[in-house]
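Look at the sequence and the model first, then read the points below.

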Amino acid sequence: MNLPSSAPLLSVRHLSKTFVLPRNSRDLLTGAPRQRLQALRDVSLTVQPGEILGIVGESGCGKSTLGRCLAGLETPDQGDLLWQGESLSAMRSRRERARRIQMVFQDPYASLNPRMSLGQMLEEVLHVHGLAGDAAERRERVDELLLMVGLTPLLKDRLPHAISGGQRQRISIARALAVEPQLLVADEPVSALDASVQAQIINLLEDLRARLGIAIIFIAHDLNVVRHISDRIAVMYLGEVVETAVTETLFGRPEHPYTRGLLAAIPMPDPRLRTNVPSLAGELPDPLHPPEGCSFSTRCPHVVEACGMRHPALLPEIGEHAVRCLNPAASTQFAFAGGATHPTQEID
Ligand SMILES: Nc1ncnc2c1ncn2[C@@H]1O[C@H](COP(=O)(O)OP(=O)(O)OP(=O)(O)O)[C@@H](O)[C@H]1O
Ligand SMILES: [Mg+2]
């Protein structure tokens, strides 16, 4: 895909988010201060119109918090969110942001009202946003939305429990599309689904991007799924973006030792597709007490003295391939056996 050179749809600049944790009973007794957990640290990235940006990283690295900050469900402590160059926080209302950015969640059942029929749910969104005029127009638009996500309008009188998991995720997507957003933040949208249904939902998202030109931030644990769907990928570790590159580059020439470790951990039945890099060793540090200097220094096979003292920036700030590492040259000897030119593992 050729990415346009105009202003990005969304620019995230140096975003940080800290949660102040509630005191447990011991802290209450000892009078210890409330603990602060920095879930996002200095996150910068861009999303171009119509682009699919994959976000990957281990559990707890801040993927959902980032998604929620973008959708306005959490308020960042620091940083800027620019929508086509203009501040998102300056937007007059939450609704205004919701018209541009919509979120789809991992568990569609939890995000759907169990007592409302599918049709009522979609109509409600249209009503709340003042879209699609009178009742007849709204009903017509509901049918259109159902068809858009590959469902028959005959399903509209059903309740969420009376449809399958895959159909529920389609309804969540239809609900998000009802406001005609330009960006969809899909937070692990297929993690709760069977493998065959996963592929269908991924195909649907790709198809929607092609038909509607909508941009998608696709959050997932599974690098193979992200590789399949994404134009670019941002890799997160302990609240930070540690590497971002076009998908082919990330798989062919990963520079951050963490990215290389993640890639090495992908199961490859074919020995020709295996890497010469050991999989990730060691435990994820306690996010309440992140390492000094580079966050990855406690697990890095290429760690040097400076890594424990200096916190690396994500560089270059402008460019296609950015890395947060003081010693990326040590990581260049990567062979993802044939790099990006080898066939991708198909999702089935
Ligand atoms: N509301 C909250 N209050 C306190 N801590 C939170 C809150 N939400 C998230 N966290 C913490 O922030 C960090 C990032 O969490 P987040 O859910 O964003 O990670 P994630 O990458 O989405 O993980 P997963 O892959 O498991 O979904 C974690 O340490 C988590 O415990
Ligand atoms: Mg999450």
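A residue is called buried when its relative accessible area is under 20%, exposed when it is over 50%, and partly exposed in between, using a 1.4 Å probe and the protein chains only. By that definition, both Tyr258 and Phe296 are buried.

This is a predicted model, in which local features need pLDDT of at least 70, side-chain atom pairs count only at pLDDT 80 or more, and totals for chains, interfaces and linings use all residues. Residues are numbered from 1 along each chain as its sequence is written, chains are lettered from A and ligands numbered from 1 in the order in which they are written, and side-chain values use heavy atoms, with hydrogens and water left out.

**Aromatic rings**

- The structure holds three aromatic pairs; rings of Phe, Tyr and Trp (its six-membered ring) pair if their centres lie within 6.5 Å, and planes under 30 degrees apart count as stacked, over 60 as edge-to-face and the rest as tilted.
- In one pair, the ring centres of Tyr237 and Phe296 are 5.1 Å apart and the planes stand at 90°, so this pair is edge-to-face.
- Tyr237 belongs to strand 9 (residues 232-237) and Phe296 to the loop between helix 11 (257-264) and strand 11 (322-323), so the pair ties together parts 59 residues apart in sequence.
- Helices (H or I, at least four residues) and strands (E, at least two) are DSSP runs, numbered from the N terminus.
- Tyr237 counts as buried at 1% relative accessibility, and Phe296 is buried with a relative accessible area of 1%.
- Tyr258 and Phe296 are also edge-to-face, because their ring centres are 5.4 Å apart and their planes are at 65°.
- Tyr258 lies in helix 11 and Phe296 in the loop between helix 11 and strand 11, so this pair links parts 38 residues apart in sequence.
- Tyr237, Tyr258 and Phe296 form one aromatic cluster.

**Ligand 1**

- Of the 15 residues around ligand 1, those that come nearest are Ser59, Gly60, Lys63, Ser64 and Thr65; a residue is near a molecule if one of its heavy atoms lies within 4 Å of it.
- An oxygen atom of ligand 1 is 2.5 Å from a side-chain N or O atom of Ser59, and for Lys63 the corresponding distance is 2.8 Å.
- A polar side-chain atom of His221 is 3.1 Å from an oxygen atom of ligand 1.
- On its own, ligand 1 has 630 Å² of accessible area, of which the protein covers 66%; accessible areas come from the Shrake-Rupley method with a 1.4 Å probe.
- Strand 2 (36-47) and helix 2 (63-70) each supply at least two residues of the shell, and helix 2 gives the most, with three.

**Helix 2**

- Six of the eight residues in helix 2 are buried, which leaves the helix mostly covered.
- The buried residues are Lys63, Thr65, Leu66, Gly67, Cys69 and Leu70.
- Gly72, with a positive phi near 80°, follows helix 2.

**Ser117**

- Ser117 lies in the loop between helix 4 (108-111) and helix 5 (118-128), and at 10% relative accessibility Ser117 counts as buried.
- The C-alpha atoms of Ser117 and Asp157 are separated by 5.3 Å, although these residues are 40 apart along the chain.
- Leaving aside neighbours within four places in sequence, Ser117 is in contact (heavy atoms within 4.5 Å) with Lys156, Asp157, Arg158 and Leu159.
- The side chain of Ser117 reaches the backbone oxygen of Lys156 at 3.4 Å.

How values were computed:
Polar contact = N/O pair within 3.5 Å; in protein donor to acceptor, adjacent residues only side chain to side chain.
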